[in-house]
Amino acid sequence: MTAVLPDQLGHFGRFGGRFMPEALIAPLDELTKAWQEAMADKEFTGEFERMLREYAGTPSLLYDATRLSDVAGARILLKREDLNHTGAHKVRNVLGQALLTKRMGKTRVIAETGAGQHGVATATACAYLDLECVVYMGEVDTERQALNVARMKLLGAEVIPVKTGSRTLKDAINEALRDWVASVDNTHYLLGTAAGGHPFPAMVRDFVRGIGDEAREQSLELLGRLPDAAVACVGGGSNAIGLFAAFVPDTEVKLFGIEAGGDGYETGRHAATITAGQVGVLHGARSYLLQDEDGQTIESHSISAGLDYPGVGPEHAWLAETGRASYRPVTDAAAMEAFRLLARTEGIIPAIESAHAIAGTLEIAAELGPEATILVCLSGRGDKDMDTAGEWFGLIDGETQA
Amino acid sequence: MSDLMALGNAGTAIRRANEAGRAALVGYLPAGYPTIDGGVDAIKALADGGADVIEVGLPYSDPVMDGVTIQRAAEIALAGGLRIRDVIATVEKVAAYAGIPVLVMTYWNPIERYGVDRFAADFASAGGAGLITPDLIPEEAAEWAAAADKNELDKVFLVSPSSTDERIALTTRSCRGFVYATAVMGVTGAREQPSDLAAPLVARTKAATSLPVGVGLGVSNAEQAAGVAAYADAVIVGSAFVKQLEAGNGPAGVRELAASLAQGVRREP
């Protein structure tokens, strides 16, 4: 676990790499060089830190969730990424990449979005840094998430509905890649998760690794030691890799990634890529993915739009294969129970993505016992999910299950 | 690898055309479009019209290098139940019928999932000539290169206007058959204007290799084909054929367009 990963070609063991059109290879090389130079330049890192502190509101709090801990039967610390500007950890990634876009002299940013969270974050960073912004969003998602489309437009972004394939997130990524092949001279593709061809998985990790770096320091301050476990939800895996990065060398800290189990991974309707997928290549990297016998991508299913993706970042595939982190699914139903539990015990409405991490934490707490301290990334807030929650719990029609 | 070995199947056919004083015509259609059997007939019509080399597309769920025309065809093929074994069967029928090299153009994941060695063996025994791999770069292709060499299959990698001379040298060294030069920075699809990026790219590529260089992306008619034939060893046409099928013109439409393009590669621009 001592080698610096990824290697020069972007490999984490047998995962990662670049499975991209040749037209994008030279631009990816330029991006790699620009990113590495930027990270070694105190002016860039200083400005990134300033933006995170003054604009995004980091470091985020580490919160000792005592009432949730009582229910869980172990001490639970929440890393409050939900309190960041735009309401999730994603602001760290978009500010980093948008600042890098400026540094590269590019004027236009494209992004993909599923439910719209990454699109809104990207549009925010582009408004803040005066960059042209185009967001690709599956047509199905633009209909389901009209409010986020309005947010992006208000922030000055152009939203392009994608009408090909399954008309959801993976097709939005395809369409953004098609745009990028034709526009790479003046355009940066601001990918929203720690996936894709090299350098994206490593670059996104390094822009969001403040989650874990801060939490590690805050844990030492609060506990005088490290937590026993760190837990995060995993779709593409950016908040999880941002949390894990700081702890990977601390082998006494167990790492858990919680995947979206949908209706239960055994039903086939899920997004639990590591749990139930196979190794393959999608969107530029080798990792686990949901695919049929012929290698055609299978659509994922999750109540959480942010986890509803049939692939996963390659570093997670490597952490799983090496056993450094373990991954498990929780169902839609378990996540929604955790969603309500956190609201009722702590007065915090989490994103449904983050509720998966809470649900997984309840299981892990039972396994590790009452002496354990578990650090959980509360990656986002749940305002965006109130329609879903209202429908799930029957709150909108005035009937509640509670 | 000697030059002769590197010419492989498709390169030998392209050089035969070049020796006759013209560029070769490479025609593309996806397998399974509009149906599995209809696809076989349409692809045979490429040969009937005068294509020197055939590319059969392997429809894939996430074709990031393709424009809308080929995307739609792939969706229809997959919705029609097309499997990889049907693609191999299509190649077998077309190769037996046409007696010219039949390559498959495929994104990488279906091959990896099928099993690289197993695919190479099954494909070679069906009479397939090689693979064109738009999202596989030589740095990631060790397993494929070994399987291709073992089965004497062509390995066609792509060069792009954005490729550095170093990358062009690396890529051309890894090719067998020919080198696929993408004429534009963009996805597949017919274009009104000829690309001004293609000729310089071909020149840079030829400086690095003695392999034939084919130019694709955007060529749709005889005039454009003649223009590209002036500097390229092979002219690759895809979306324009798909459009013939999309318009309901069937194999006859494909054959007519191929014949017209075959005239194009034989005349002065």
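**Group meeting: a two-chain predicted model**

Okay, let's start with the sheet in chain B: nine strands, open, in the order E5-E4-E3-E2-E1-E9-E8-E7-E6, with parallel pairing. Strands here are DSSP runs of E with at least two residues, helices are runs of H or I with at least four, and both are numbered from the N terminus. Two strands pair if DSSP finds at least two bridges between them. At the edges stand E5 (154–156) and E6 (158–159) of chain B, each with a single partner strand, so one side of each has no neighbour in the sheet.

Before I go on, this is a predicted model, where local features need pLDDT of at least 70, side-chain atom pairs count only at pLDDT 80 or more, and totals for chains, interfaces and linings use all residues. Residues are numbered from 1 along each chain as its sequence is written, and chains are lettered from A and ligands numbered from 1 in the order in which they are written.

Back to the sheet. E1 (24–30) and E2 (53–57) of chain B run parallel and are joined by five bridges. Tyr28(B), for instance, has Glu55(B) in E2(B) as its bridge partner. Helix H2 (36–49) of chain B packs on the sheet and touches E1 and E2 of chain B, its direction making about 175 degrees with that of E1(B). Those axes are lines fitted to C-alpha atoms, for helices over the stretch in contact, and angles run from 0 to 180 degrees between N-to-C directions.

Follow E2 of chain B onward, and in the loop between it and helix H3 (68–79) you find Gly67(B). Gly67(B) is buried, with 21 other C-beta atoms within 10 Å. Buried means 20 or more other C-beta atoms within 10 Å of a residue's own, exposed means 12 or fewer, and partly exposed is in between, with C-beta atoms placed from the backbone. Gly189(B) is 122 residues away from Gly67(B) in sequence, but their C-alpha atoms are 5.5 Å apart.

Now chain A. It is divided into domain 1 (12–53 + 90–204) and domain 2 (57–87 + 209–392), with bounds from an automatic or database domain assignment. Their C-alpha centres lie 22 Å apart, and 32 residues of domain 1 are in contact with 32 residues of domain 2. Contact means C-beta atoms, placed from the backbone, within 7 Å.

What does UniProt list for Lys90(A)? The unreviewed entry has "modified residue: N6-(pyridoxal phosphate)lysine" there, though such annotations may be inferred rather than shown by experiment. Lys90(A) sits in helix H4 (90–103) of chain A and counts as buried, with 29 C-beta neighbours inside 10 Å. Beyond four places in sequence, Lys90(A) is in contact with Gln117(A), His118(A), Ala121(A) and Gly192(A).

Another one to look at is helix H13 (314–322) of chain A. Seven of its nine residues are buried, so H13(A) is largely enclosed by the rest of the structure. Trp318(A) and Leu319(A) are among the buried ones.

Last, the two chains together. 28 residues of chain A are in contact with 34 residues of chain B. Which element gives the most to the chain A side? That's H8(A), with six residues. By class, the chain A side has 14 nonpolar, nine polar and five charged residues.

Methods. Two residues are in contact if their C-beta atoms, placed from the backbone, lie within 7 Å. Ala, Val, Leu, Ile, Met, Phe, Trp, Tyr, Cys and Pro count as nonpolar, Asp, Glu, Lys and Arg as charged, and the others, Gly among them, as polar.
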